[in-house]
Amino acid sequence: KRIKEPITIGIPFVKGDVFNEKNVFIHNDQGNILDLQTKVLARWPDQSIKWLLCDFQVSIEAKTETAYQISVDMQRERSDLKSSIKLVKQPDSLIANTGITEFQLDSRELKLFSKVGSGGFTLTDNKGKVFIPKINNIDIETEGRLRTTLKIDGDFLSQSNKFFVKY
């Protein structure tokens, strides 16, 4: 059994068909409209949507199949889905609060969820030399109720601060 299984798909549209992503809906096999988070990935020269990234959640019983339908209704707009994850960017960290748990990511060193106790990780080459991750930047790429994505850029450095590789 799957309960609120996350699904992410890209939907292409014909030039001139859809201009507003809020006119796009997804329905389950009973015709119920599901929560849908969208992001326009590309537009045609006339500014209509070329590619739309869609995030939604499905619940399905084990060993069954179901169909979902995408529809466009120019007469209606989806309401905005408020994010259930609150993100706060601070000089030395990014805090993600889900309402149940709070995670703190160190913005200098790649120690995922430093506040909830992860010890971080290192990279070791084939000669046993250890490289420590140093974060250069954290960006919020997508922030929504169904999916939030962070982009973390940095470098792995030796213990003497020599550059090894970017991540």
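**Surface residues and salt bridges in a predicted model**

N161 sits in the loop between β11 (148–158) and β12; strands here, at least two residues of E, and helices, at least four of H or I, are DSSP runs numbered from the N terminus. Before I go on, this is a predicted model, so local features need pLDDT of at least 70, side-chain atom pairs count only at pLDDT 80 or more, and totals for chains, interfaces and linings use all residues. Residues are numbered from 1 along each chain as its sequence is written, and side-chain values use heavy atoms, with hydrogens and water left out.

Back to N161. Its phi is positive, about 70°, although N161 is not a glycine. N161 is exposed, at a relative accessible area of 59%. On that scale, buried is under 20% relative accessible area, exposed is over 50%, and partly exposed is in between, with a 1.4 Å probe and protein chains only.

K4 also has a positive phi, near 50°, and is a residue other than glycine. K4 belongs to strand β1 (residues 2–12) and is exposed, with 55% relative accessible area.

Next, the salt bridges. A salt bridge here is a side-chain nitrogen of Lys or Arg within 4 Å of a carboxyl oxygen of Asp or Glu. How many salt bridges does this rule give? The count is eight, and I will show some of them.

One joins the side chains of E5 and R2, at 3.6 Å from N to O. E5 is partly exposed at 29%, and R2 is partly exposed at 48%.

Another joins D139 and K89, at 3.7 Å, N to O. D139 lies in strand β10 (residues 130–143) and K89 in strand β6 (residues 86–90), so this pair ties together parts that are 50 residues apart in sequence. D139 is partly exposed at 31%, as is K89 at 48%.

In a further one, K166 meets D155 at 3.1 Å, N to O. K166 is in strand β12 and D155 in strand β11, so the parts tied together are eleven residues apart in sequence. K166 is exposed at 57%, whereas D155 is buried at 12%.

Last, a surface patch. L123, F164 and V165 form a nonpolar patch with about 210 Å² of accessible area together. Areas are from the Shrake-Rupley method with a 1.4 Å probe, and for residues only the protein chains shown count as cover. Patch residues have over 30% relative accessible area and no salt bridge; like charges are joined within 9 Å, and nonpolar side chains (Val, Leu, Ile, Met, Phe, Trp, Tyr) within 5 Å. V165 lies in strand β12 (residues 163–166) and is partly exposed at 33%.
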